[in-house]
Amino acid sequence: MVSTVLIWIGVAVAALYVGWPLLQARRGAETDDSDALPLERQKREALAASKEAEFDRAMGKLSDEDFAQITRRYRDQALAAMAALDKAGAAHGGASKLAFCPQCGTQLAARANFCGSCGHALRPKAA
Ligand SMILES: [Zn+2]
């Protein structure tokens, strides 16, 4: 069926259209911070990507459901990177206690439980 093929081509083009800027942004971040720590970079990229998703939702390119799924994934990534950074900091005498809000990117006070800017809860129940 020719029409089915055309629909799939349309879907592929739409996916590229949505995915390409994300890909570019990620690549740009990588070249920008080539000297940064990988974890620091992972955290920043996850934050940037989740902001990008926010923008896409505002533009109507993402459904609320997709947006929730994407931001949850990136937030997990950011939190994982932050946890690893925390651990690395502790290994170096606990000097590095600074963190950034996974929701809005604001720098946080040491051992903060909530973001002072957006009120996002920072510690999972386990911690
Ligand atoms: Zn925040």
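## Terms and model

A residue is called buried if 20 or more other C-beta atoms lie within 10 Å of its own, exposed if 12 or fewer do, and partly exposed in between, with the C-beta atoms placed from the backbone. Residues are numbered from 1 along each chain as its sequence is written. The model is predicted, and local features need a pLDDT of at least 70, side-chain atom pairs count only at pLDDT 80 or more, and totals for chains, interfaces and linings use all residues.

The average pLDDT (the predictor's confidence in each residue, from 0 to 100) is 79 for the protein, and 76% of the residues score at least 70. Among the elements, helix H1 (residues 2-32) has the lowest mean pLDDT, 70, whereas H2 has the highest, 91. Where pLDDT is low, the predicted coordinates should not be read in detail.

## Overall arrangement

The protein has three helices and two strands, which follow the pattern α-α-α-β-β along the sequence; helices (H or I, at least four residues) and strands (E, at least two) are DSSP runs, numbered from the N terminus. Of the 127 residues, 15% count as buried.

Contacts are pairs of residues whose C-beta atoms, placed from the backbone, lie within 7 Å. Among contacts between residues at least 6 apart in sequence, 33% join residues at least 24 apart.

The buried residues of H2 are Lys43, Glu45, Ala46, Leu47, Ala49, Ser50 and Ala53. Just after H2, Gly60 takes a positive phi of about 80 degrees.

A nonpolar core is a set of buried Ala, Val, Leu, Ile, Met, Phe, Trp, Tyr and Cys residues joined through C-beta atoms within 7 Å. The largest one holds 13 residues, of which Ala46, Ala49, Tyr74, Ala78, Ala81, Met82 and Leu108 touch the most other members. Helix H2 (38-58) and helix H3 (64-91) are the elements that give two or more residues to this core. Because domain 2 (37-94) and domain 3 (97-127) both contribute residues, the core lies between them; the domain bounds come from an automatic or database domain assignment.

## Two further residues

Leu85 is found in helix H3 and counts as partly exposed because 19 C-beta neighbours lie inside 10 Å. Leu85 and Lys43 are 42 residues apart in sequence, yet their C-alpha atoms are 9.4 Å apart in space.

Gly119, in the segment after strand S2 (107-108), counts as exposed because it has 10 C-beta neighbours inside 10 Å. The C-alpha atoms of Gly119 and Cys104, which are 15 residues apart along the chain, are separated by 9.6 Å.

Definitions and conventions: Contact = placed C-beta atoms within 7 Å.
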